[in-house]
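Reader: I'm new to this one. Could you walk me through it?

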Amino acid sequence: MNSPTPTKNMPAIPPVAGAKGLSAQEAAQRLKKFGPNAIAKPNPHPIREFLITFWAPVPWMLEVTFVLEISLGKPVEAIIIALLLIGNAVLGFVEEGKAQAALDILRQRLEINARVLRDGQWQSVPAGDIVPGDCIYLRMGDMVPADAHLVQGNIEVDQSALTGESAPVELAPDGDARSGSVVKRGEAAAEVTATGAKSFFGKTAELVRSAKTVGHMEQIIFSIVKYLLVMDGALVAVVLIYAFSVGMAWSVILPFALILLVASVPVALPATFTLAQATASLEMADNNVLVTRLSAIQELAGMQQLCCDKTGTLTLNQLTLEKVQPLNGVTEPDVLAFAAQTCDAGTQDPIDMAILKKYQESPVADFHWKRQKLIPFDPATKRAEADLELDGKKARTMKGAAATLVALCKNTGDVLKQAEALAAQGNRVMGVAAQTDGELKLIGLLSLRDPPRPESHATIARLQHLGIRVRMVTGDSQTTAQAISAQLGIGNKSADRSAIEKGQLNADVFAGVFPEDKIALVRKLQSQHIITGMTGDGVNDAPALKQAEVGIAVSNATDVARSAASLVLTKPGISHLPDAVNIGRKVYRLMLTYTTNKITKTIQVALFLSLGLLITGQLVTTPRLVLLLLFANDFVTMSLASDRVTPSQHPDRWNVRILMESSGVIAMSWLLYCFAVFYVGRHFLPLPATQTLVFLALVFSGLATVYLVRETRAFWKSRPGTFLLWATVGDVVVVSAMATFGILMAPVPVVMVAVLLSATIGMMLVLDLVKRPLLKRLSST
């Protein structure tokens, strides 16, 4: 059981009549009796999980080849296939385990907390530690952590995730709130009735999605591999037809055809993807950015525009009431007093706290109106209201956006001009209206100052340097938003919400927006094929956060916003976001290297083996050596997940046509090189030794390709990762020794091995000049 968090920073909670809650000792006993407030996570046996890795299309192909080799009396080939199967299974199992461990760490850091009355005090407790009988307090934006019976207050909850019913449900005392539903409005105290598997929802809300979520980048790579497999399949068909026509022995050609097909399959791709993303997620967590789904790392690399909240994200969210401007003959103290009636300290809303602080410094002695009802601020109406009473006389007061109140009141004169003059200083301007006798009148303006965060200007400059356009999206007036935007270097073009409706999206700042405008803006940008990021914190921001490719919940976000987002910031502001973007772009670079390398090798190897047979009438290398080639390739390919790469300075986008063209040019160059090696070898060596020499050429050229495609500049401009470097050295030493001593292959003189290695390096230097313009085209799209 985790220790509760002290309540000194928790928003004030009003007294709950008759509520005592549980003691820590009682809670511990009930936790032991009822268990955690969560569904027990399946914990399959490791051996079973390991064996499952053998049950998939790629292992099936290798398993069929294994059986075929055994039936043909080729135990050495069968052993190599078995080792290849087991080696890939072990690598995949270990890397998936590392990725799952990373996700478990993220889950712990994204744990939902709840307000619970323990030992007579309100405490913040992990939702998993809630037990039946606990008294919990629910506020707007909370996820209900367990089934509970309301004892005080009124709330409106969204149960669509549970029942499919979109209409919100009003709950009063004696009503039942179901775990997993979302509080849309109001506050209430409730007693927990069921937890964990016994609750209606069956589990507490889970913020971290599955590691299997597939992003755009991964979909593109798998589609490319699918086409390569089709190409390889066609080549295999041609080889089989040729073999049948010339009467080649099926015992020779069938294993060769199967191995040729296996050679095009990216056996290491799933493990490489998962490991790279999981490692990146932990690096982001160290930079105060938590990833709730791994695919978001891929999207972050391509993010082109960021729509950013102003209050609390770009500003300090530390409002101070700088000026009270009375109107219509009302005194300044009375304006402040009426405004205070629309505030609630329990919500800890910054505007309310600033007004109440100012009012408490100089309360109005002769203000005797008593508040009877409070309607909290609603982003949809842009105002808060309070019903007042004095000696049986009714009145009401409002606080909200100046333009909103002007529309509700009469005879407002030039109030909007006065509000704009205050807003031009970068201040947030609120109107105050009262109806004490007759019609509703605008009685004053409040000018509140929320200074920009000290680091916001530099952060925005960094994002812009990374090629990301930052836009401000705020509910503030256009004048206020434009003033803050200019201070932060975002831009001077501003527009109101109507521009979003009309699809006029050239503005740097969108002001006066409603929550529904945010999701409309995201959709409009996406319709123009712009990868969009959106920040948010409230329950009303959740749809936009979910719609955006990169939804970013800021540090003070509600449970709902955090659940909808793909990234969660753990510290105020967005200063750590540029680092997260760079990490995402590193993952993109790793995957681009892997994909380009895979396309190049598949085209080179498949064409060389099949065309070699068709042109020469002989196997240019043996099935056994192709299997050893797969071993050598996978060993180095897995090391790419931890390679040292340089992120680009602009959003990364996939261009499949240029990718295929670039890979094709490199592959065809190596194809010609391998044919040259074969014919030179046949001039000096018998066929078995020539097949060994070809095997070495394929291994050396494959290693050279990795170094060629991992860097858009000259390949020596950046130091490879340590694992990649040692894997390369190990590959070269092992295959050279095997070829020299004739282990599992015909021996080749050590001089020829050295000459071949030198020739491959020379060819690599030539291809490095060829690939630079090709890969620069790829990285500039």
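Reader: What is the mean pLDDT of the protein?

Author: pLDDT is the predictor's confidence in each residue, from 0 to 100. Here the mean is 84, and 88% of the residues reach 70 or more. Over residues 203-214, though, the pLDDT is below 50. This is a predicted model, so local features need pLDDT of at least 70 and side-chain atom pairs count only at pLDDT 80 or more, while totals for chains, interfaces and linings use all residues. Residues are numbered from 1 along each chain as its sequence is written, and side-chain values use heavy atoms, with hydrogens and water left out.

Reader: What is the order of the strands in the open sheet?

Author: Strands of a sheet pair through backbone hydrogen bonds, either parallel or antiparallel. Strands are DSSP runs (E, at least two residues; helices are H or I, at least four), numbered from the N terminus, and two strands pair if DSSP finds at least two bridges between them. This open sheet has 8 strands in the order 8-21-20-19-9-16-18-17, with mixed pairing. Strand 8 (289-291) and strand 17 (494-496) are at the edges with a single partner strand each, so one side of each has no neighbour in the sheet.

Reader: How many bridges join strand 8 to strand 21?

Author: There are 3, and the two strands run antiparallel. Val-289, for instance, has Leu-569 in strand 21 as its bridge partner.

Reader: And at what angle do helix 20 and helix 21 pack?

Author: Angles run from 0 to 180 degrees between N-to-C directions, with axes fitted to C-alpha atoms over the stretch in contact. Helix 20 (residues 577-616) and helix 21 (residues 623-638) pack at about 170°, their axes 13 Å apart. That makes them roughly antiparallel, a label for angles over 145 degrees.

Definitions and conventions: Angles under 35 degrees count as roughly parallel, over 145 as roughly antiparallel, 65 to 115 as roughly perpendicular and the rest as oblique. Contact means heavy atoms within 4.5 Å.
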